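Good morning. I have one structure to go through today, so please bring it up on your screens.

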Amino acid sequence: MFCSISGQPCAEPVVSRTGYVFERRLIEQALASNGSVCPVSGEPLTRDDLFAVKQPPAGSDTPSSVAVAPKPASATSIPSLLRSLQAEWDAAMLETHALKVQNAQVRQELSRALYQHDAACRVVARLMAEKDTLKLEIDALKRQIRTGAVPAAAPVAAAPAASVSDAMDVDAAVAAPASPTAAPAAALPADVVADFEATNERLSKTRKKRKTPETATADDLAAFTPSTVLESSYAGLASLAVVTPNPATDAPTLLAIAGKSRGTATVDWASKQLAGHLPGQLKASKVSSLVVLSHDTDTPVFAGAVKDHVIVATHAEVSLNIQTPAPVVALAAHPSGNYLFVATAEPAVHLYAAAADGALVATLTPPAAIRDIAVHPDGILLAAALVSGETLVYNVVELEVVATLAADAADAAVLAFSENGFHLAAANASDVQIWDLRKLEVAATLAAPADVRALAFDYTGNYLAVGTAEAHLAAFAYAAKKWTKVAESAVTGAGAITKVAWTAHARGVVAVSDAAKQVILWAAPQ
């Protein structure tokens, strides 16, 4: 379109009401100078009478809609056309070069990214292969630990010298050497080994899946005060055994108490009344140690030590009367309820089939006299405290010493495993040492109020009850990776505390004393 005034192509064409095409810039100047009159027809004309002629947008990509600006007249000669074509060619070549450079940079970055991705894939594949190999090795070691096939290592003193599998809550096996002074024992019969391993497997799986129950807090324990639950007919109580079918949720159902001079009675916990007496020698003789073999609610089974005899009985009858080679020092029941460990003054630890005919299964011979024994909650380990100041840890499947725990001070007199399998408490005249069985080191040393005579962990393993020779009860709590004393009470009118046991959810501690006939409940006032 050409302007009716200049005759040149229009850059911004408009059409007037009179029908002529103008360049907007020129027609607006003409109207301003001529007084609103069309310069061609002379008819009246205002800016409102001008209408823009629409063109395709400049950014459109459709070739048919692209508006090409007309070339000036000076560009229509051949030399001008050649210069224009040369300029366009140069611009195209420069743009092509820039695109090639950019493409090369992109290809280089892509190559580097692909190399890094390939290297990362190789590293991940190698780590996955190593993880699978280590997992197989750990599984093999766990199987070896369950069967006791653990290689020997250096002796363990107060400082850590070896470590064990972190799966202590399932297996609780300790890698350490056999003591050079401990006599070797014969191998266990295959059926006994199978029973031990089956019990260990069952309890380990249960411990892995269970949730920690709600328990009393440290503030609750701080409010504990001793009270009398029952007054027996005995002058003093030498031992205590508690029947608890499910320690995680249930309160005790029955207590068995052994008199200081003679006799054994049972107490119904719900009514706090005397339920009866255990039969035979357990009723007529002095019982030095008492344990529960079966926690069955209807027919619990007890084992008591009478001089050089071990009596296994229910309320109704005596099922076994086992004569030992020497006076009995301590008893410990295997978690299966089928076997009984008996420490004697020889010194020796005898393993008897308590659920069968009472036959002697095996004998362990430590190098010194025994003060106390304790069985790990999974049934694979047995700890024996010696008068020499050492505590030997046996693998009861292989019948070998797998760790020797050396005490820093006096010899340990009382032992207790935590139910979670992590810790072993060893008490002597001055303190209580908490051994971490995963690292074979003393995790804490607790100052005892007096000579410790009784120890017991609660079901969670976070609380430890201590009974002393001076009628003191104390409770220690494990929190923030340390043990602290949270409660202590003196029991009026009592002598040495001989046994302690926790009630459900750590709501209280049952205790007996060799100088008092009362059964004591240490708990918060109701």
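First, the conventions. This is a predicted model, in which local features need pLDDT of at least 70 and side-chain atom pairs count only at pLDDT 80 or more, while totals for chains, interfaces and linings use all residues. Residues are numbered from 1 along each chain as its sequence is written, and side-chain values use heavy atoms, with hydrogens and water left out.

Now the cores. A nonpolar core here is a set of buried Ala, Val, Leu, Ile, Met, Phe, Trp, Tyr and Cys residues joined through side-chain atoms within 4.5 Å. Buried means under 20% relative accessible area, exposed means over 50%, and partly exposed is in between, with a 1.4 Å probe and protein chains only. The largest core has 45 residues, and those touching the most other members are L188, F196, F341, V349, I373, L382 and L424. Strand β18, residues 381–386, gives this core its largest share, six residues. Apart from it lies another core, of 24 residues, including A454, A477, A487 and V509.

What does F196 contact, leaving aside its neighbours within four places in sequence? With contact meaning heavy atoms within 4.5 Å, the partners are L188, H334, Y339, F341, L351, I380, V396 and V397.

Next, the sheet. Strands are DSSP runs of E, at least two residues, numbered from the N terminus, and two of them pair if DSSP finds at least two bridges between them. Four strands form an open, antiparallel sheet in the order β25-β26-β27-β28. β25 (452–457) and β28 (482–490) each have a single partner strand, so one side of each is left without a neighbour in the sheet. Strand β27, residues 472–479, is joined to β28 by eight bridges. On the β28 side, A490 is the bridge partner of H472.

Last, the rings. Rings of Phe, Tyr and Trp (its six-membered ring) pair if their centres lie within 6.5 Å; planes under 30 degrees apart are stacked, over 60 edge-to-face, and the rest tilted. The whole structure has six aromatic pairs. One of them, Y20 with F22, is tilted, at 6.4 Å centre to centre and 55 degrees between the planes. Y20 is partly exposed at 31% relative accessible area, whereas F22 is buried at 0%. Separately, F457, Y478 and W483 form one aromatic cluster.
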